[in-house]
Amino acid sequence: METTEKDILRGGQFLVKETKCEDVFTPEDFTEEQLMMKEAVTEFVDREVWPHKDRFEKKDYALTEEVMRKAGELGFLGIAVPEKYDGLGMGFVSTMLVCDYISGATGSVGTAFGAHTGIGTMPITLYGTEEQKQKYVPKLATGEWFGAYCLTEPGAGSDANSGKTKAVLSSDGKTYSITGQKMWISNAGFCNVFIVFARIENDKNITGFIVENNPSNGITMGEEEHKLGIHSSSTRQVFFNDTVVPAENMLSERGNGFKIAMNALNVGRIKLAAACLDAQRRVITSGVNYASERIQFKTPIVQFGAIRKKLADMATNCYVGESASYRAAKNIEDRITLREAAGNSHQEAELKGVEEYAIECSILKVAVSEDVQNCTDEGIQIYGGMGFSADTPMESAWRDARISRIYEGTNEINRMLCVGMLVKKAMKGHVDLLAPAMAVADELTGIPSFDTPDYSAALSEEKAILAKLKKVFLMVAGSAVQKFGLQLEEHQQLLLAASDILIEIYMVESAILRTEKNIKRTSESEQAPQIAMTQLYLFNAVEDITSKAKEAIASFAEGDEQRMMLMGLKRFTKYQNMPNVVALRNTIADKITTENKYCF
């Protein structure tokens, strides 16, 4: 079936338009080719990475490089690269899949892989001239060369466009001389080529350059950084001192660097979400294995409710993260296909496809990076004292997880971005927020319906609650925008509260749609654990949304307006039939314990 423009929701429209479960992609929709790829990557990691976990913890940078080279030989570094540049030319979902399963055993390999394929190679593939692509991309796609990305500076972190690194054009116009200091550069220790961002004269925006790593050309490195986690990911400062770069190595055009950096980060964000998934699966599997074997009070601890609660919560978050990540990945892939069919070049199609879903990319980055942190934290707790020991895998998983909330834009920046981008899209008319927000405002003053709806169909009450949660966001964000207009960006704490509501809506909707689609394919009884995870996630999301909405309403509304909104909040978060939360967790825990692994 051909996908048409009208079938695919635009980025952010999930909030105001209903999505049918038939229209979302789920992990159960992987093709034969994708399943084979998943198997190949898992086998590679289980052979080359997992058995050497202790070596990665001891800062064996050479091992990371060796694993990356082998990944290149197997084609894993070139999944997203078009075939004409020696890549595999696979779609966006397949690139997510490889990123997901290659990153789960250690964050060191996950970071090296992400930095190389994402921000190291992709800017050249998407912004490079034909000559630049012919020269660099085949070497990067096959792992003959490795890439790194030099954006951050001591004074330019979240404010990426404020970098001080300078690029000065020579008098004959043939070369640029680059001088400046970059920090936190992943893969710096073994890379052959850098994407470097520098400012020409007093330009408002930075410019991107492709710079080969040649120490005799004014390039020096700091020592390897001592880090909390990702111990075998090479991270160094890089100093450029009158480094001469041919003028034809400018990436895209002058002043376009900030745009390149932001678009590379959009892709980086959704890939980072993918990179946090298999770590959760492995932690859950290790946790349930340990809990089944550990006997206390003459009972395997996996039978205790306190441990079952942890396993159920961990599995639920992982299931929801998968649902949302692959849903968005397929939206991006479909948008790319549409644009190519309309005559866009591969470069243009991919750039615009990802840019369209920048809101979803930020949502996923925040949600899944926080889930992996909670998952590894509970993993330590299940192991008890042994979890705190470096002899078990939980301690390093916890340390590796911590960076994911910081890089590719901190979670605070991404929280503010997703609401900010949504408001901008509404202003441009790409997402109609105004009419639905007005309708919710009218509903607040209207008389509520006292009919008892029929919720006999599977997930029907969950879908009704989801529709009401969207009203909570429209009520809170609509009033805030009305009150502050474009100055809303200055009210960061309100933005953070609104973004948490938005994030939970996207995540819970993704879970509901995945489960509903699979009920239609199989049966309610076969999907019982998945239904339980969906209901459990929704229950927690309602609690979270209620608390964040209350905080926002209390902070910007007063008097009658405040009272009316709080009444509306109560109405929009009310269950007809509360789920039995403990029973839900037990259903999930039973399934994982029986299978002795994360099995969804």
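This is a predicted model: local features need pLDDT of at least 70, side-chain atom pairs count only at pLDDT 80 or more; totals for chains, interfaces and linings use all residues.
Mentor: Two or more lining residues come from each of helix 4 (92–102), helix 5 (107–127), helix 7 (257–275) and helix 10 (346–356). Helix 5 gives the largest share, six residues.

Trainee: What makes this space a cavity, and what is its volume?

Mentor: A 1.4 Å probe fits there but cannot get out, so the space is called a cavity. The volume is about 200 Å³.

Trainee: How many cavities of 30 Å³ or more are there?

Mentor: The count is four.

Trainee: How do the two linings divide by class?

Mentor: The lining of the largest cavity has twelve nonpolar, six polar and two charged residues. For the second largest cavity the division is five nonpolar, two polar and two charged.

Trainee: Why is Arg585 called buried?

Mentor: Buried means under 20% relative accessible area. Arg585 has 15%, so Arg585 is buried. Arg585 lies in helix 19 (residues 581–595) and, leaving aside neighbours within four places in sequence, is in contact with Lys309, Ala312, Asp313 and Leu536.

Trainee: Why does Arg402 count as partly exposed?

Mentor: The class runs between under 20% and over 50%. At 28% relative accessibility, Arg402 falls in between, and therefore counts as partly exposed. Arg402 belongs to helix 12 (residues 393–402). Not counting residues up to four places away in sequence, Arg402 touches Leu228 and Gln373.

Trainee: Which residues have the most contacts inside the largest nonpolar core?

Mentor: Leu502 and Met507, in a core of 168 residues. Helix 9 (residues 305–341) gives the most to this core, with 15 residues. Apart from this core lies another, of 19 residues, among them Ile178, Val238, Phe240 and Val245.

Trainee: How do you know that Met507 touches Val320?

Mentor: Contact means heavy atoms within 4.5 Å, so the pair has heavy atoms within that cut-off. Not counting residues up to four places away in sequence, Met507 also touches Gly321, Ala324, Ile363, Leu364, Ala367, Val368 and Tyr537.

How values were computed. Residues are numbered from 1 along each chain as its sequence is written. Side-chain values use heavy atoms; hydrogens and water are left out. A nonpolar core is a set of buried Ala, Val, Leu, Ile, Met, Phe, Trp, Tyr and Cys residues joined through side-chain atoms within 4.5 Å. Buried means under 20% relative accessible area, exposed over 50%, partly exposed in between (1.4 Å probe, protein chains only). Helices (H or I, at least four residues) and strands (E, at least two) are DSSP runs, numbered from the N terminus. On a 1 Å grid over the protein atoms alone, a cavity is a set of points where a 1.4 Å probe fits but cannot get out, and a pocket is an open set with protein on both sides within 12 Å along at least five of seven lines; lining residues have an atom within 4 Å of a point. Grid points are joined across faces, edges and corners, and a volume is the space filled by probe spheres set on the points. Ala, Val, Leu, Ile, Met, Phe, Trp, Tyr, Cys and Pro count as nonpolar, Asp, Glu, Lys and Arg as charged, and the others, Gly among them, as polar.
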